[in-house]
Amino acid sequence: MLFIFFKRLQTIMFCSAVLFAVCSSYAAELKTLELLRLRTAGDMHHVQVIALFNENPDYKIILLANPARLIINLRAAKFTVQQEKIRLHGFLEDVRYSMMSDGYSRMIFNATSGFKLEHITAELVQNQIWQLVIDLVSVSEMEFQRVIQKQQSQRDSAKKRGDKIQKNQLKNRLFTVVIDAGHGDFDSGAIGVSGILEKEVTLAFAKVLRDLLQREPNIHALLTRDNDMFLRLNERIMIARHYEADLFISIHADHINVDSLRGVTVYTLSEKSSDTLEELAEYENKKAALLKDFSSISDFSEITDILIDLAMRETQAFSIDLATRIIDSLKKGNVHLIKNPHRYAGFRVLQNPDIPSILIELGYLSNAEDEKKISDPQWQKKIAVLIAESIRGHADMHMWKKTSFLDCDGLYMCIAR
Ligand SMILES: [Zn+2]
């Protein structure tokens with residue numbers, strides 16, 4: 001448990017470090033790239049382009065045909081020299097500057113004949129002044145076409161490599177949902193008015209939901225148990241941790257002395273239970289036990305507290321997002337819900353500090369109508385479809401937040417998106 005927690009803590013610390021690095025580089029990038037000076041030299045055979053920037057230009061070069069052009073791709077840049085009349089040499093006849101819609105910019109040189117790249121350098125020549133030097137050599141039309149073709153095939157193979165990497169990344173990044181069928185074996189859970197056992201309906205429902213989620217291309221769904229076996233609450237959590245779950249859903253069916261009460265309830269973790277004081281007291285006890293696990297790493301003291309708190313806050317926000325989506329979806333599907341269907345409780349299975357967790361009570365086995373519905377495969381399927389839709393929406397949002405692909409268009413431009 002502690003080892004896993006440490007692993008998680010390392011991940012959180014690593015993420016914080018990454019976040020810091022990202023923030024730092026972002027701050028550095030706030031300085032706009034500026035083209036300070038542009039000049040050319042040469043003749044009809046050889047042309048040198050010399051451009052001075054206030055920062056590392058981080059350029060990408062591309063050649064285009066019909067007409068022959070030299071393109072310098074840059075991140076968003078200010079072209080201070082734009083107003084100046086620049087004298088161009090040799091086969092270069094015109095220069096334009098453009099801002100692309102995606103926030104990048106370009107310098108475009110038109111040429112009167114085909115050419116190829118001979119040499120490129122970019123170096124810091126003075127304090128804060130970067131010099132980009134591009135040497136171009138005139139070539140025959142036939143050779144120019146070959147240069148363009150070679151460039152295209154390099155771009156295609158780089159794109160293929162990029163696509164492959166992206167596919168692999170996606171494969172490794174399936175959104176993992178662990179579904180926990182409540183109770184099992186000698187722990188039958190609640191007993192319905194006609195004798196239906198909670199452990200049986202929770203397992204049946206968990207399997208239906210698992211099968212539906214498995215059809216989703218970006219979701220990997222697993223069960224904590226797929227037969228009539230007993231699992232401790234801790235073991236259920238450990239299974240979710242073992243699979244590095246992005247989501248943990250515990251399925252139950254309730255029982256109460258008020259036999260008219262019926263409807264679905266969705267629980268998320270809270271420090272305050274929205275139910276009875278006894279449950280709250282029980283939760284406090286459990287929380288104390290949970291904190292005891294963490295106290296052994298009190299050497300990290302303040303930073304540990306902050307990191308656990310951050311992890312729990314984010315986890316809590318994700319849990320609430322999913323609970324809200326499920327309730328909205330069930331409402332739209334005209335499913336009977338209890339009054340104030342999103343409730344808060346300190347159930348042990350919800351106490352994963354870093355895995356968003358919810359607990360769904362499918363209804364009340366103490367109510368004849370609910371019992372009939374909960375054990376009806378058609379009703380189970382209908383509810384599972386609505387829940388699976390909510391999970392898909394939640395997963396998309398979650399994956400989008402986590403996604404930060406670097407999409408490289410060949411050798412010429414990388415766009416972080
Ligand atoms: Zn239960």
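Predicted model: local features only at pLDDT ≥ 70, side-chain atom pairs only at ≥ 80, totals over all residues.
Residues are numbered from 1 along each chain as its sequence is written.

Strand E10 (residues 175-181) and strand E11 (residues 219-223) run parallel and are joined by 5 bridges. Here two strands pair if DSSP finds at least two bridges between them. Helices (H or I, at least four residues) and strands (E, at least two) are DSSP runs, numbered from the N terminus. On the way from E10 to E11 the chain passes through helix H3 (residues 198-214), and this β-α-β crossover is right-handed. That term applies if, with the strands pointing away from the viewer, the path from the first strand over the helix to the second runs clockwise.

E10 also pairs with strand E12 (residues 247-254), in the parallel sense and over 5 bridges. Asp-180 stands opposite Ser-250 in E12. Because 6 of the 7 residues of E10 are buried, this strand is largely enclosed by the rest of the structure. A residue is buried if 20 or more other C-beta atoms lie within 10 Å of its own, exposed if 12 or fewer, and partly exposed in between, with C-beta atoms placed from the backbone.

## An open antiparallel sheet

Elsewhere, 4 strands form an open sheet with antiparallel pairing, in the order E3-E4-E7-E6. Strand E3 (60-64) and strand E6 (92-99) stand at the edges with a single partner strand each, so one side of each has no neighbour in the sheet. On average, neighbouring strands of this sheet are turned by 20° against each other, direction ignored; axes are lines fitted to C-alpha atoms.

E3 is joined to strand E4 (residues 69-75) by 5 bridges. In this pairing, Lys-60 stands opposite Asn-73.

Glu-55 sits in the loop between strand E2 (46-53) and E3. This residue counts as partly exposed because it has 17 C-beta neighbours inside 10 Å. Its C-alpha atom is 7.4 Å from that of Glu-34, a residue 21 positions away along the chain.

## The whole chain

Stepping back, the chain has 8 helices and 17 strands. Of its 417 residues, 31% count as buried.

Key:
Axes fitted to C-alpha atoms, helices over the stretch in contact; angles between N-to-C directions.
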